[in-house]
Amino acid sequence: MAQICVLEEKVQLKSCPEKFYNFLKSQNQCIPNNVHSEKVHGVEVHEGNWNTSGSVKLWKYIIEGKEEMFKEKVIMDEANKIITYVAVGGNALELYKSYRAILKVEKGILKLRIEYEKLNDNIPHPKKYQQFFVNIVKDIDANLVKG
């Protein structure tokens, strides 16, 4: 029986936590223009709109020199400032039976939790995706501090 695995990371935010959360919630279409550490080529809404829970978006980016796509369903928990990105398509699902990234903004810290289920024991842990998220968070934070 497959097992759900977890990777966790915390990133100290320099920007206002409320401003950071609101950017993730309603301005993520701006990420391709604001992220410098990774090569995010674009994001498109496939269902819903930019800032509603249940919307589906397709991201295109380069990670470790390879062009990839990530199709996600976004689930927002406004009361707890949690955004969950559930993989519904793309490269991550070639390696993982299930994949979800959960971001929580709390007291000046962004908590990242990646829950995944490997297709088999030979599949690596998704550390490249973990680092990808961390780099994006740091870039967004730096841009929000600049103003």
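Some ground rules. The model is predicted: local features need pLDDT of at least 70, side-chain atom pairs count only at pLDDT 80 or more, and totals for chains, interfaces and linings use all residues. Residues are numbered from 1 along each chain as its sequence is written, and side-chain values use heavy atoms, with hydrogens and water left out.

Let's start with the sheet. Helices (H or I, at least four residues) and strands (E, at least two) are DSSP runs, numbered from the N terminus. Seven strands make an open, antiparallel sheet, in the order E1-E7-E6-E5-E4-E3-E2. At the edges sit E1 (5-12) and E2 (39-47), and each pairs on one side only. Strands count as paired if DSSP finds at least two bridges between them. From one strand to the next, the twist averages 25 degrees. Angles here run from 0 to 180 degrees between N-to-C directions, with axes fitted to C-alpha atoms, for helices over the stretch in contact.

Now the pairings. E1 and E7 are antiparallel, over eight bridges. There, leucine 7 stands opposite isoleucine 114 in E7. E6 and E7 are joined by ten bridges. They form a hairpin with two residues between the strands. Lysine 107, in that turn, has a positive phi of about 50 degrees. Valine 40 faces tyrosine 61 in E3. Keep tyrosine 61 in mind.

Next, the helices. Contact means heavy atoms within 4.5 Å. H1 (residues 17-26) packs on the sheet and touches E4, E5, E6 and E7. Its direction makes about 25 degrees with that of E5. H4 covers residues 127-146, which is 20 residues. From first C-alpha to last it reaches 29 Å, close to the 28 Å expected at 1.5 Å a residue. That expected span is 1.5 Å times one less than the number of residues. H4 lies across E1, E2, E3, E4, E5, E6 and E7, at about 20 degrees to E1. After H4 comes glycine 147, with a positive phi near 105 degrees.

Buried means under 20% relative accessible area, exposed over 50%, partly exposed in between, with a 1.4 Å probe and protein chains only. The largest core has 39 residues. Phe20, Tyr99, Leu103 and Leu110 have the most contacts inside it. H4 gives the largest share, eight residues. Leucine 103 stands opposite leucine 112 in E7. Among the residues that leucine 103 touches are Leu24, Phe133 and Val137.

Last, the aromatics. Rings of Phe, Tyr and Trp (its six-membered ring) pair if their centres lie within 6.5 Å; planes under 30 degrees apart are stacked, over 60 edge-to-face, the rest tilted. The structure holds six such pairs. Tyrosine 61 and phenylalanine 132 make a tilted one, 4.8 Å centre to centre and 40 degrees between the planes. The partners sit in E3 and H4, 71 residues apart. Tyrosine 61 counts as buried because its relative accessibility is 4%. Phenylalanine 132 is buried too, at 9%.

Tyrosine 99 and tyrosine 129 have ring centres 5.8 Å apart and planes at 70 degrees, so that pair is edge-to-face. This pair links E6 to H4, 30 residues apart. Tyrosine 99 is buried at 3%, and tyrosine 129 at 5%.

Technical notes. A nonpolar core is a set of buried Ala, Val, Leu, Ile, Met, Phe, Trp, Tyr and Cys residues joined through side-chain atoms within 4.5 Å. Lists of a residue's contacts leave out its neighbours within four places in sequence.
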